[in-house]
Amino acid sequence: MIIAEKKPIEEIIDEVKDFNRILILGCNECVTVCEAGGKKEVEVLSSALRMYFITKGDEKVIDEKTLERQCDHEYLEELRGNIDDYDAIVSLACGVGVQFAAEKYLTTPLFPGVNTVCLGANEDRGLWTERCQACGSCILARTGGICPVSRCAKRVMNGPCGGSTNGKCEISKDVDCAWQLIVDRLNALNKMGDYEKVAPIKDWSTDRAGGPRTVTREDVKI
Amino acid sequence: MSNLNTQSNLEKVLKAGHIGVTSECGPPRGSDPEEVRKKGLLIKDHVDAVNVTDNQTAMTRMSSLAACIHLKLIGIEPVLQMVTRDRNRVALQSDILGAASFDIPNMLCLSGDHQSFGDCAQGQNVHDLDSMQLVQTVRYMRDEGKFLGGDDIKRPPKIFVGAAANPFADPFEIRVPRLAKKIACGAEFIQTQCIYNLDKFKEWIKRANERGLTDKTFIMAGMTPMKSVGMAKYMKNRVPGMDVPDEIISRLAGVPKEKQAQEGIDICVEHIQELKEIKGVSGFHIMAIEWEEKVPEIVERAGLYPRPAI
């Protein structure tokens, strides 16, 4: 899923302080699961903003709503009837949802309430970690199911680099060396012979480098 | 390994069966060419070629290529170090041609320290290729006379291509397979990480010998003299992938502070003398960091002087 984390409230206050009618807009998908932008976080942020502005003698209308998805026309349309009730929206969706809402409601100022961090997994209670960078050309079949693009700080295709120490990356002893994990998995699969296959130079044209990416499926088009 | 592929003196020395000696110059954090020349001249007569580091530890410095040119112009053979951290395949190929246009005959292909160690921790890194793929790229440009994109190169680069190896990084079990991969990619010489743990290094090179890898490439053992017990502790505890045994630290700690530098030189000389006798060691890469003036003493006392003229 897409992992996000809450923006510091001071940053949000700074963005919305000049507006009087504000909608805090949550999303019921990834950001709910990673506890950054679901219904619960909408409530918490709204209360905090109300409190802050009241103490400043600046009472604002701060409403709450959480859509099923913000990356979907159908659900974003639910705002259509009330959009003019607001001077600004703070969206707690990922960057995709924020942009999709902005594209739809051109004249309403819209601010992100979270920082979108990565494509990751809920590794432990309160811990979300990156697993994928959407490079557009998956190589996991060759790397024991561990991704060097997203998990190696140098995205080394033929690793590990010389900085791997005790299973950890040179950038931090809290970061696993992706290539240690790859070697461990190849060992577990009894496929260490594959380690010596040289990974070819990667085609990054399917990555960010190739410009904004699209997927077109003629078979599902209406 | 007798056919010469380039005009490299280092290639000639190694292929003639001599023990090769290289050292390194870190370019300055400024634009004064005199600093490069001064360092180069300190070691010129005691080495076969001089590595020029490429923004080592990710600290911004004068470009490696420019510093190589300064050395080349005063008759010192450079080894152009190139990391994949800062340049994509367009820039790498372009700089390879730039180096070849000055007849810089050697290159060392590296991934480079992560930028978080340097003065631009907030910068992007590139890593379009990795170090092995950079070795492949140089060999392809040289041997096939083509760009990665497939077009012909007019006057292909004649460059003797090297790679680094760290026998001490983890996991140890893949250190020799990783060397094999680098050789398969076309690494003609290997310069290793600084060696302090001789037993572990010997085990690594024994395994390389067993696989016949030392017949396919020239392994130059990396040597860095310790200036002080403080430096030894720093290397042990703070430098990624470095293996400094406690006996080195206690030996340095066992002499008065003002004699620790000399003790460090002595250890370095003793290590070279010991490793000279090991099958598979083809040379030494002496990295005396900001201590270039000590390289002549080390080379002479280790019995590696005069350098062969070929």
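Predicted model: local features only at pLDDT ≥ 70, side-chain atom pairs only at ≥ 80, totals over all residues.
In chain A, Leu23(A) has Ile89(A) of strand S4(A) as its bridge partner.

### The open sheet of chain A

Strand S2 (residues 21–27) of chain A and strand S4 (residues 88–91) of chain A are joined by 4 bridges and pair in the parallel sense. They belong to an open sheet of 4 strands, whose order is S3-S2-S4-S5 (chain A) and whose pairing is parallel. At the edges of this sheet stand strand S3 (61–67) and strand S5 (110–112) of chain A, each of which pairs on one side only. With direction ignored, neighbouring strands of the sheet are turned by 25 degrees against each other on average.

Two helices of chain A lie across these strands. Helix H3 (residues 39–55) of chain A lies across S2 and S3 of chain A and runs at about 170 degrees to S3(A), while helix H5 (residues 95–104) of chain A lies across S2, S4 and S5 of chain A and runs at about 175 degrees to S5(A).

According to the domain assignment, chain A is divided into domain 1 (2–118) and domain 2 (135–210). The C-alpha centres of domain 1 of chain A and domain 2 of chain A are 37 Å apart.

### The barrel of chain B

In chain B, 8 strands close into a barrel with parallel pairing, in the order S1-S2-S3-S4-S5-S6-S7-S8. From one strand to the next, the twist averages 30 degrees. Within chain B, strand S6 (residues 189–194) and strand S7 (residues 218–223) run parallel and are joined by 4 bridges; Phe189(B) has Phe218(B) in S7(B) as its bridge partner.

Helix H2(B) packs on the sheet, where it touches strand S1 (20–25) and strand S2 (49–52) of chain B, and its direction makes about 155 degrees with that of S1(B). Helix H3(B) also packs on the sheet, touching S1, S2 and strand S3 (78–83) of chain B, with a direction at about 180 degrees to that of S3(B).

### Helix pairs of chain B

Two packed helices are described by the angle between their axes and the distance between the axes.

| Helix pair | Angle | Axis distance |
|---|---|---|
| H2 (residues 33–43) and H3 (residues 64–73) of chain B | about 55 degrees | 9 Å |
| H4 (residues 89–101) and H5 (residues 131–144) of chain B | roughly 50 degrees | within 11 Å |

The angle of about 55 degrees makes H2(B) oblique to H3(B), and their crossing is right-handed. Here Pro33(B), Val36(B), Arg37(B) and Gly40(B) in H2(B) meet Ala67(B), His70(B) and Leu71(B) in H3(B), a contact that by class has 4 nonpolar, 2 polar and 1 charged residues.

Crossing at roughly 50 degrees, H4(B) and H5(B) are therefore oblique to each other, and their crossing is right-handed. Leu92(B), Gln93(B) and Ile96(B) in H4(B) meet Leu134(B), Thr137(B), Val138(B) and Met141(B) in H5(B); by class, this contact has 5 nonpolar, 2 polar and no charged residues.

### The contact between the chains

Chain A contributes 23 residues to the contact, and chain B contributes 25 residues. The side of chain A that touches chain B has, by class, 11 nonpolar, 8 polar and 4 charged residues.

Notes:
Residues numbered from 1 in each chain as written. Chains lettered and ligands numbered in written order. Contact = placed C-beta atoms within 7 Å. Nonpolar A, V, L, I, M, F, W, Y, C, P; charged D, E, K, R; others polar. Axes fitted to C-alpha atoms, helices over the stretch in contact; angles between N-to-C directions. Parallel < 35°, antiparallel > 145°, perpendicular 65-115°, else oblique. Left-handed = near helix turned anticlockwise from the far one by under 90°. Domains from an automatic or database assignment. Pairing = 2+ DSSP bridges.
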